Amino acid sequence: MHLDRSAGRTAAGRLGAAVTACIALLSAVGCSTDAGTGIRTAADAPDTRASATARAKAEGGDNDGTGKTSHARPAPSMPEPAILAQATVHITDGQTVGVGMPISVTFPQPVPAADRKPVENWLRVQTSSGTTGAWSWVKGHNLPDGQRVDFRPSTTYWQPGTKITLRLGSHGVRHFAIGRSLVATVDASTHEMTVRTGGKTQRIPVTTGAPGTDTWNGTMIVMDKQPKVLMDSRTVGLGDEYRGDYYWAVHLTTSGTYVHQNPRADTEAGHRNVTHGCVGLATDGTAKRFYDQVQVGDVITVIGANKDTVAAGNGYGDWNLTWQQWLAHSAAGATTTA
């Protein structure tokens, strides 16, 4: 099925570029397309500035290429794993993301268990807020174990305004920032979404997955957003129930969960759950207003649905694990990112 994501691309949707105009399958649990990981678009080579200074940083240098002083920690004593040269980061240099976005690094093949601690030690994270966090090996939705490692804080989400630097060993540097906080909670039992941002609270009527095609419970992070996505029920064995363009689509899981405009929400939002797994918003401007205020990395949590909690690797469900569960899959353990 073709994904038409060409119209009206926004700056906040840069992370979706890698899946533009791709062929994808619908999720069996969502009313929308399974667009792969959706945000793995930073596979390009490190920029010239990063390449020129990465080796110095890996060895403890203090010039980050911007003329500013960087307090890089000395390089680990263990040898640098060669696989870091092939690491892919999902956040682009200079990007601003929401408070829920973990740092996610993938590799072209699984990293053996014996090599995971050196990889974590060489993937060094610095933050302006001195956050305590840890890397953890996450089973990606379409990846084997050991091919993806994520970093998140021990607290719930990042602190707004945090500046973050990620060093890929000697193979590049990424600088990005955490923006304002937006946290939305969708209650499938009351058919309402509560959106909290900027000290304000909005309540929006919604319709979620109907019985048998329920929406995932749990916390999901905005992976990308597009003004139009083509969705086709035939790709998940649902016959000709639907096929067409759905607008103002906010992408939440690799398996295909979205928040998007749905004409059925005009009458059913706030009353009944009628979708194939997505969160539907009315066509009266409600969907577009929500779309316009959301950015990649924002937090959307679903409660009250008759379905399991979404897996950590199905998109960026990292926050569905407790801190102790997170550390259980870390080889190097917690670190302070000052």
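Biologist: Which residues of helix 4 are buried?
Modeller: In helix 4 (residues 286-293), Thr286, Ala287, Phe290 and Tyr291 are buried. Buried means under 20% relative accessible area with a 1.4 Å probe, protein chains only. Helices are DSSP runs of H or I with at least four residues, strands are E runs of at least two, and both are numbered from the N terminus.

Biologist: How do they sit around the axis?
Modeller: Down the axis of helix 4, the buried residues fall within an arc of 130°, so they line one face. That arc is taken from the directions from the helix axis to the C-beta atoms.

Biologist: Is this an experimental or a predicted model?
Modeller: It's a predicted model: local features need pLDDT of at least 70, side-chain atom pairs count only at pLDDT 80 or more, and totals for chains, interfaces and linings use all residues. Residues are numbered from 1 along each chain as its sequence is written, and side-chain values use heavy atoms, leaving out hydrogens and water.

Biologist: Which strands does helix 4 lie across?
Modeller: Strand 15, strand 16, strand 17 and strand 18, and helix 4 runs at about 40° to strand 16. Contact means heavy atoms within 4.5 Å; axes are lines fitted to C-alpha atoms, for helices over the stretch in contact, with angles from 0 to 180 degrees between N-to-C directions.

Biologist: And the sheet, what's its order?
Modeller: It's an open sheet, 15-16-17-18, with mixed pairing. Strands pair if DSSP finds at least two bridges between them. Strand 15 (224-232) and strand 18 (279-281) are the edges.

Biologist: Switching to strand 6, what does it pair with?
Modeller: Five bridges join strand 6 to strand 9 (residues 163-168), antiparallel, and Thr127 stands opposite Ile164 in strand 9.

Terms used. Buried < 20%, exposed > 50% of the residue type's maximum accessible area, 1.4 Å probe, protein only.
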